[in-house]
Amino acid sequence: RQPKRLADYQAPIFSITHTDLVFELDATATRVTATLTFKRQQPGRLLLEGQQLKLERVRLNDRVLTAAEFAQTAESLEIFAPGDTGVLEIVTLLNPEQNTALEGLYLAEGVYCTQCEAEGFRRITYYPDRPDVLAVFTTTIIANRNELPFLLSNGNKVRESRLPDGRTEVVWHDPYPKPSYLFALVAGDFDHLHDTYVTSTGREVLLEFFVQKGALARSHFAMAALKRAMRWDEQRFGLAYDLDRYMVVAVDFFNMGAMENKGLNVFNSKFVLADDTSATDTDYFNIESIIGHEYFHNWTGNRVTCRDWFQLSLKEGLTVFRDQEFSADMGSPTLNRIDAVKVIRTAQFAEDASPMAHPIRPEQVLEMNNFYTVTVYDKGAEVIRMLQTLLGKAGFNAGLACYLQRHDGQAVTCDDFVQAMQDATGYDLQAFRRWYSQSGTPELSVKEQFDAATGKLTLTLAQQTPATADQQEKLPLVIPVKIELLFHDGSAAQQHLLILDSSVQQFQFDNLPQAPLVVWLEDFSAPVKLSTDYDVEQLLAIASRASNGFARWDAMQQFWHKIIKDAVQQSALPVLPEALLTAFRQWLITPLADLALTAELLTLPDFDTLAAHYAPIPVDALLNILQETTQLLSKALLPELLGCYQQLTTPAYHYSEADVGLRALKNRCLHYLAFTAEGAKRVTAHYQAANNMTDILAALHAAQHANIAQAGELMADFAKRNEANVHVMDKYFNVVAANPRDSVFDALEKLTAHPVFSWKNPNRVRAVYGAFSQRNAPQFHRKDGKGYALLAEVVTKVDAINPQLAARLITPLLSWQRYDDGRQQQLIMLLRELASLPMLSDDLYEKVHKSLP
Ligand code: HT7
Ligand code: ZN
């Protein structure tokens, strides 16, 4: 199997100016007639991509071609003498009902739905299925209106008519040229919510949500979030919507979160539907953020798109950055930053250390679906954030405006983006570009030297990026390092931005009143690892005094890392310094104004965060230390925990920043209290008194972790009350799968027999097995390998149904190098078994083969 390389990019030989599609919908035999107006751009062959298609007919300029005039392979169609311009008509037959991969056109739960990014359009018709071929699409959908009342596609509805045979024909036209990956078609019966929005340019836009029958009341929050996102993009970046309609369809069968098809977003229903009885605070947050993300793609992705898939971060890194800025403005900037940094430090740093390591602009790809990664998305967003730090907000906004104006309607590269930033600001970004081509996590070490006589502080920074699986040689990067200088004598703190652009560099500060305590990497100003030799007192001082909430949280993370590392080295339990207990007591007795930050300050890093600091990972020691430390804290802080818990009275449920913080802190206290003598009583009472899903789930998780006797009863009650709502059942599945005891294996087996479970539904499979592998470290990483073997079995089964899903599920099995010898052997054996499967998908093949020694 041959990977594609960025270095081999060639511009398209033919462009397509117009793409007219006619769909005659049928569950097992949908006929697609594609009429493509093509134009030669350079000498070469007319080669179209196609997969799993039944070709019925090819016509070139009104003449049906004979078999000798074209050649067909399993993946392509070549037209031998197309000429320089012409019209090609291709008729294909599809089987949407059998399409369980959920790419191309599929039929699930009575809804026809497409997913074309990255390379799904080639499962609909033969086409130059690449993002740099932009055409104007007209789509006709023919179907039986009684069965499928809503027939939707991109752009504006042009016409709707009854055909003589009783079927209905609806025609859509999208005036904006677009690549095939942004094409969408949806047909089904829905509840329909509509509203209007007037843009800053005076356009009245019809906003429409199409959701499963009976779910209308659960789509209001998403509609309001959409309007907030539209307003925000106008105010922050001056970007307004450009069509008269914006449609969002929610479906339960979907491989990812959502898809930004022009004018017709398709969403995983989990990221649309919410009400106060079924959604958690996190659900509401995710809905607003993903609604924003897909909407923001209309400019960063759709109006200006990617030249090739290696440039994916051009649209994804930038759009994640935009959605993060939106969420920060809608809620707490500190909490948003903490959440984003957790993703980088756990998942992204782990990816850099894995066989799948790649730069944010990968250089070679076998299966594109494997590159929708935390590196491309989240590290990509960090790279954009660094640009904003270097250029300032005004400079960054000017750069974005220049980029969008210069490239509107084009398919471009990451280099084009950086060039626009440079041209708009005059800032030389040549050296900065290395962030796009170099993989790996830079490691920074720092030294401080203070001359008391002159008040001069000298900071020495050194950077080094360890080799990664894909790249041995690493060069220095441009790294913005934000710092804060804290003074004990009450002098005002100082903030500075250091720009490190070589291997070792010194920075000097004069006339300081005294030796400062330096807060490093404030706001996580670069996606790097930075180590200091601070002792626990210094870290607790930063946690108590830094002016920046993020820095306070970060100091606590470093504190725990240090304490736990010492404990692991000594094979002992951590010694909790009195100063820590004093700080915790203080936060519990007098919480900060930001309750959510207080909750974060009181939270231990999780297993994955700690594990990122070790090679090999001392799995058993870390799990034991985490459990024991929680118990030690519960015991030592019982009166304060109780006091804080009781003081926080829960108001009627409302999703607001203040109430989210209140619940977070109260539930953090509950988590500790669950481990105390009265834990069972308290958790049960919390569950029974809860008026919202956040508190209910906190009680269930606490019950399970502390192993309280009533846990089973509470779980059964929860399942019974919520069996009608699949999204709440997914939460139930999550809790069952996170059970850290041996009984989890039987419980998982039972879940797959649950009437709500289906192997074909990615949400259900993720809710059970994704949760098991990612939220149940004790059982997943069992010494006897039973957890690994279960996941390998599931991946094998799922690969035959949905390769994209299988390739995502396998991730925790790939990084065998991170574990001890025993676990390594088990993982390698399972990977070898997977590699020998006769029908392995490209998705799994790429990952398994990269991982194997
Ligand atoms: N641009 C989309 C990426 C995507 C996707 C979405 C749904 C199903 C399969 C998919 N493959 C790729 C989502 C986004 O980043 O907005
Ligand atoms: Zn995106």
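## Ground rules

Residues are numbered from 1 along each chain as its sequence is written, and chains are lettered from A and ligands numbered from 1 in the order in which they are written. Because this is a predicted model, local features need pLDDT of at least 70 and side-chain atom pairs count only at pLDDT 80 or more, while totals for chains, interfaces and linings use all residues.

## Domains and annotations

Let us start with the overall layout.

Residues 537-852 are 71% helix and 0% strand, and 44 Å lie between the end C-alpha atoms.

## Where domain 2 meets domain 3

Domain 2 brings 17 residues to the contact and domain 3 brings 14 residues, where two residues are in contact if their C-beta atoms, placed from the backbone, lie within 7 Å.

On the domain 2 side, the elements giving two or more residues are helix 4 (333-352), helix 5 (374-407) and helix 7 (434-437). Helix 5 supplies the largest share, five residues. By class, this side of domain 2 has nine nonpolar (Ala, Val, Leu, Ile, Met, Phe, Trp, Tyr, Cys and Pro), five charged (Asp, Glu, Lys and Arg) and three polar residues (the others, Gly among them).

## Two residues to look at

Ile384 sits in helix 5. Ile384 is buried because 26 other C-beta atoms lie within 10 Å; the cut-offs are 20 or more for buried, 12 or fewer for exposed, and in between for partly exposed, with C-beta atoms placed from the backbone. Leaving aside neighbours within four places in sequence, Ile384 is in contact with Gly317, Leu318 and Phe321.

Leu55 belongs to strand 5 (residues 54-60). Leu55 counts as partly exposed because it has 15 other C-beta atoms within 10 Å. Residues up to four places away in sequence aside, Leu55 touches Gln72, Leu77 and Thr92. Gln72 is 17 residues from Leu55 along the chain, and their C-alpha atoms are separated by 9.0 Å.

## A covered helix

Helix 19 (residues 726-737) has twelve residues and reaches 16 Å from first C-alpha to last, close to the 16 Å expected at 1.5 Å a residue; the expected span is 1.5 Å times one less than the number of residues. Twelve of its twelve residues are buried, among them His727, Asp730 and Lys731. The cover includes helix 17 (693-705), helix 18 (711-722), helix 20 (744-751) and helix 21 (762-775).

## Around ligand 1

Which residues are closest to ligand 1? Of the 13 residues that surround ligand 1, the closest are Gln115, Glu117, Asn255, Met256 and Met259; a residue is near if its C-beta atom, placed from the backbone, lies within 6 Å of the molecule. Strand 20 (258-259) and helix 2 (281-296) are the elements that give two or more residues to this shell. The shell around ligand 1 divides into five nonpolar, four polar and four charged residues.

Note on methods: Helix = DSSP H or I, 4+ residues; strand = E, 2+ residues; numbered from the N terminus.
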